Amino acid sequence: MLTIYHVPGTRSARIIWLCEELDHPYQVETIDFSPDYRASPEWRALNPVGKVPAMRDDGFSMFESGAMLQYILERYGDGRLRPRPGTAASAKYLQWCWFAEATLARPLGDMAHHLFLKPEPERIPAVVEDARRRAVLCIEALEDALAKRPYLLGDAFSAADIMMGYSLVLGRRVGALQPEHETAVSYLEHLAERPAFRKAFPN
Ligand SMILES: N[C@@H](CCC(=O)N[C@@H](CS)C(=O)NCC(=O)O)C(=O)O
């Protein structure tokens with residue numbers, strides 16, 4: 001059984017969301033998000049840099065939420081939720097998956113670290129403001145792309161929307177996503193209507 005090592009509200013929600021969309025069986029093991037547990041040899045064996053999530057399937061474990069998503073689609077997707085590899089649509093799909101994690105979530109992570117993850121004396125307000133500017137640039141690029149279509153790839157929901165959906169949940173949490181970002185906010189609200197999203201983010 002595919003096991004998702006989970007902390008509510010974190011990137012492990014992407015994997016629950018995907019499994020729910022695919023109706024693929026999985027089990028959740030909720031873990032302690034404390035820095036001490038994440039620094040433990042037990043957790044480092046699953047995620048060597050002490051981050052969340054990790055996943056186990058078929059006798060191996062892995063880290064990096066985007067890689068888990070691609071693996072699950074390759075192995076269990078039967079062509080669902082992503083365009084056929086090697087096509088122009090697949091290029092755009094990959095672009096948005098990577099953009100969501102590597103370009104948008106990066107400054108959001110910096111904001112999270114300097115707003116609440118680091119001990120208070122180590123937080124640097126200037127880092128938050130710089131990261132906010134970088135994140136807003138990404139949100140504006142996303143809004144341009146979504147101006148004429150409901151999902152990143154057009155009319156069809158894809159796993160790229162799962163990658164982006166979590167990044168926007170984080171963006172809202174750290175305050176980079178603001179009500180003035182009307183297109184991005186209504187895209188996230190639209191994603192949040194999906195039953196699979198509600199399973200991944202029950203609160
Ligand atoms: N690129 C990694 C990012 C993992 C990540 O930053 N996870 C967050 C929770 S969503 C975390 O563990 N943060 C704690 C930390 O960075 O110390 C992935 O997609 O799995």
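Q: How much area do domain 1 and domain 2 bury between them?

A: The size of an interface is often given as the accessible area lost when the parts come together. Buried area here is the accessible area (1.4 Å probe) that two parts lose on being put together, summed over both. In this predicted model, domain 1 and domain 2 bury about 1,600 Å² between them, with 63% of it on carbon and sulfur atoms. On the side of domain 1, Arg11, Arg14 and Trp17 lose the most area to domain 2, together 45% of what that side buries.

Q: Where are the two domains divided?

A: Domain 1 covers 2-76 and domain 2 covers 88-200; such bounds come from an automatic or database domain assignment. Their centres, taken over C-alpha atoms, are separated by 20 Å. Contact means heavy atoms within 4.5 Å, and 16 residues of domain 1 are in contact with 22 residues of domain 2.

Q: How many salt bridges and polar contacts are counted between the domains?

A: A salt bridge is a side-chain nitrogen of Lys or Arg within 4 Å of a carboxyl oxygen of Asp or Glu. The count between domain 1 and domain 2 is 4. Glu20 and Lys199 meet through their side chains in a salt bridge (3.8 Å, N to O).

Q: Which residues touch the most other members of the largest nonpolar core?

A: In soluble globular proteins, nonpolar side chains tend to be buried together. A nonpolar core is a set of buried Ala, Val, Leu, Ile, Met, Phe, Trp, Tyr and Cys residues joined through side-chain atoms within 4.5 Å, where buried means under 20% relative accessible area (1.4 Å probe, protein chains only). The largest core has 58 residues, and Trp17, Ile72, Leu104 and Met164 touch the most other members. Domain 1 and domain 2 both give residues to this core, so it lies between them.

Q: What does Leu104 touch?

A: Not counting residues up to four places away in sequence, Leu104 touches Phe99, Ala135, Cys138, Ile139, Met164, Ser167 and Leu168.

Q: What conventions apply to these values?

A: Residues are numbered from 1 along each chain as its sequence is written, and side-chain values use heavy atoms, with hydrogens and water left out. Local features need pLDDT of at least 70 and side-chain atom pairs count only at pLDDT 80 or more, while totals for chains, interfaces and linings use all residues.

How values were computed: Buried < 20%, exposed > 50% of the residue type's maximum accessible area, 1.4 Å probe, protein only.
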